[in-house]
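Here's a walk through one model, from a sheet to a helix pair to a chain contact. Have the viewer open and follow along.

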Amino acid sequence: MPSLGADMEYGTLVEWRVAPGAVVHRGDIVAEVETHKGVVEVEIFDSGVVEELLVAKGSRVPVGATLARIRSGDGAVPAGAPVATAATLAAPAPPPAPPAPPPAVMAAPPAPTTAAGAPAPVRPAGRASPAARRLAADRGLDVAALRGTGPGGAVTLADVEDAVRARAAPSPAATAAPAPHRASPLAQRVAADLGVDLATVPGTGEGGIVTRADVERAAASARGAPTAGAAPAAAPASAAGRHAAMRQAIAAAMTRSKREIPHYYLATDVDLSGALRWLEAENARRAVAERLLPAAVLLRAVALALREAPELNGHWVDGAFRAGGGVHLGVAISLRGGGLVAPALHDADALSVDALMRGLRDLVQRARTGMLRSSELTDATTTVTNLGDQGVRTVFGVVYPPQVALVGIGRITERPWADGGMLGVRPVVTVTLAADHRASDGHRGARFLAALDRLLRDPERL
Amino acid sequence: MTDVGTNGAAIRAAVVRALQRIAPEIDPAALRPDVSLREQVDLDSMDFLNFVIGLAESLGVEVPESDYRQLATLDGAVAYLAAHGARTA
């Protein structure tokens, strides 16, 4: 089970896209996994033949668990499954504070073939996942005093959340008060299809979230009972649930960023008259479906400028900077109804403006309505936030860990502009850089923004 | 396509459908025809481009970028599209 974000501890396998005997190639989509960020297509990290699927459809397993066994191309049978290696790659940095025992999720037994999460009889003292430790510390809870339901009795994030909720509850007698309801997007869709009122479904997922299995169980029992029928409350409850789950994911990432990353901030104004003239001329001769947005040109320039500033492109892991294996631009995409994802455009520096535009359209559409792929959620080496459409002039970014830089793009506005002793009116955009001072210095950051400015003034060469 | 009124209504319906494809949550009855769509529907530039692409597909009108302003409101869009030969089925 790959980690699809620093705060992810479990995933539910909702669909296998391959069967034993299938030939797979690195990058192929092999499964669909449901997390609180939605359903994600999981890509395989190796090529070979699928030998065995170890996790049944519908099972909820911890990050790091082996999902399938693949015989690699040369005929050798590796001990572990390549799918699981994603967890190692995307594993969160260890928590800074106490000398922690090995993270429980990573130490999980290699192949839990049944549904995971069964409480172990004995809990080794003090075992807790990094995310659980952080939340417990934030809320002033002692992890050692909490009941762990994770692998080997480890305390998981969900356990800490339960404890926080239990403490917040007025009294144990108030059992009639319903817990705030949350449901995964997939569960919401299934509930809508089956006519199940989510507010009546007990959630067994992470943090009490309602999963597809819960909905299907509820639908099955409702068929036996005469009291089926969707209440009008279903829609708001599910929308609120999705929103709450995503807010938690954002909260965890941004809290970590502000706690761990010493940010520095730089800004520059860029004259876009040349770039916009070029764009206007291009679009005037293009069919509607082929037109370009300024965002595509800006992303192209950012990707090329990052080539010249490798210290801004990569991850801060285990106390050291690790350069990205390519410029994989995370693009912050706001979702209707709130929330945000920042999936990656792979090798953006190798894509033409046209290819970037197609990639961006595809990514926005899939982020909002469909499905993202696991590599898109884990591979971004720098993120770009474009808030120009909201009328914002300057973006003061928050770096998305473990990345080390965030490029902010504001609104393109006409401004008075002095050039060569002449004052004129030009379309100008304020571009900002928020960067991790552990990985780079202001001097490097300034050179990056200067490169961006130079590239945008010469759009024909982009 | 019998008279202008019927055609106008058909175009209006097509415009609303194109909007709903981008923003499924909108209530067509609550849309104010004379208020900016971007303001009412929270469209970013990608959404607006997809809206224009949707109009080209359903009504056969390729709106040039320089005319985007005329699509600012529902009334404006319907008038513009009717004047530029929108074909409704």
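In which sense do strand β1 and strand β3 of chain A pair, and over how many bridges? Strand β1 (residues 10-16) and strand β3 (residues 29-35) of chain A run antiparallel, with four bridges between them; strands count as paired if DSSP finds at least two bridges between them. In general, the strands of a sheet pair through backbone hydrogen bonds, either parallel or antiparallel.

Before going further, some housekeeping. This is a predicted model, where local features need pLDDT of at least 70 and side-chain atom pairs count only at pLDDT 80 or more, while totals for chains, interfaces and linings use all residues. Residues are numbered from 1 along each chain as its sequence is written, and chains are lettered from A and ligands numbered from 1 in the order in which they are written.

Back to the sheet: β1 and β3 belong to an open, five-stranded sheet of chain A with mixed pairing, in the order β6-β1-β3-β4-β15. Its edge strands, each pairing on one side only, are β6 (60-62) and β15 (372-373) of chain A.

Zooming out, chain A has eleven helices and 19 strands, taken as DSSP runs numbered from the N terminus (helices: H or I, at least four residues; strands: E, at least two). Of the 462 residues of chain A, 46% count as buried, that is, with 20 or more other C-beta atoms within 10 Å of their own, the C-beta atoms being placed from the backbone. Among contacts in chain A between residues at least 6 apart in sequence, 66% join residues at least 24 apart; a contact here puts two C-beta atoms, placed from the backbone, within 7 Å.

Now for a helix pair. Helix α8 (residues 294-307) and helix α11 (residues 442-456) of chain A pack at about 135 degrees, axes 9 Å apart. Axes are lines fitted to C-alpha atoms, for helices over the stretch in contact, and angles run from 0 to 180 degrees between N-to-C directions. That angle makes α8(A) oblique to α11(A), the class left over once under 35 (roughly parallel), over 145 (roughly antiparallel) and 65 to 115 degrees (roughly perpendicular) are taken out. On the α8(A) side, the contact is made by Ala301(A), Val302(A), Leu304(A) and Ala305(A). Facing them from α11(A) are Phe448(A), Ala451(A), Leu452(A), Leu455(A) and Leu456(A).

Lastly, the chain contact takes 13 residues from chain A and 13 residues from chain B. α7(A) gives the most to chain A's side, with three residues.

Key
Buried ≥ 20, exposed ≤ 12 C-beta atoms within 10 Å, placed from the backbone.
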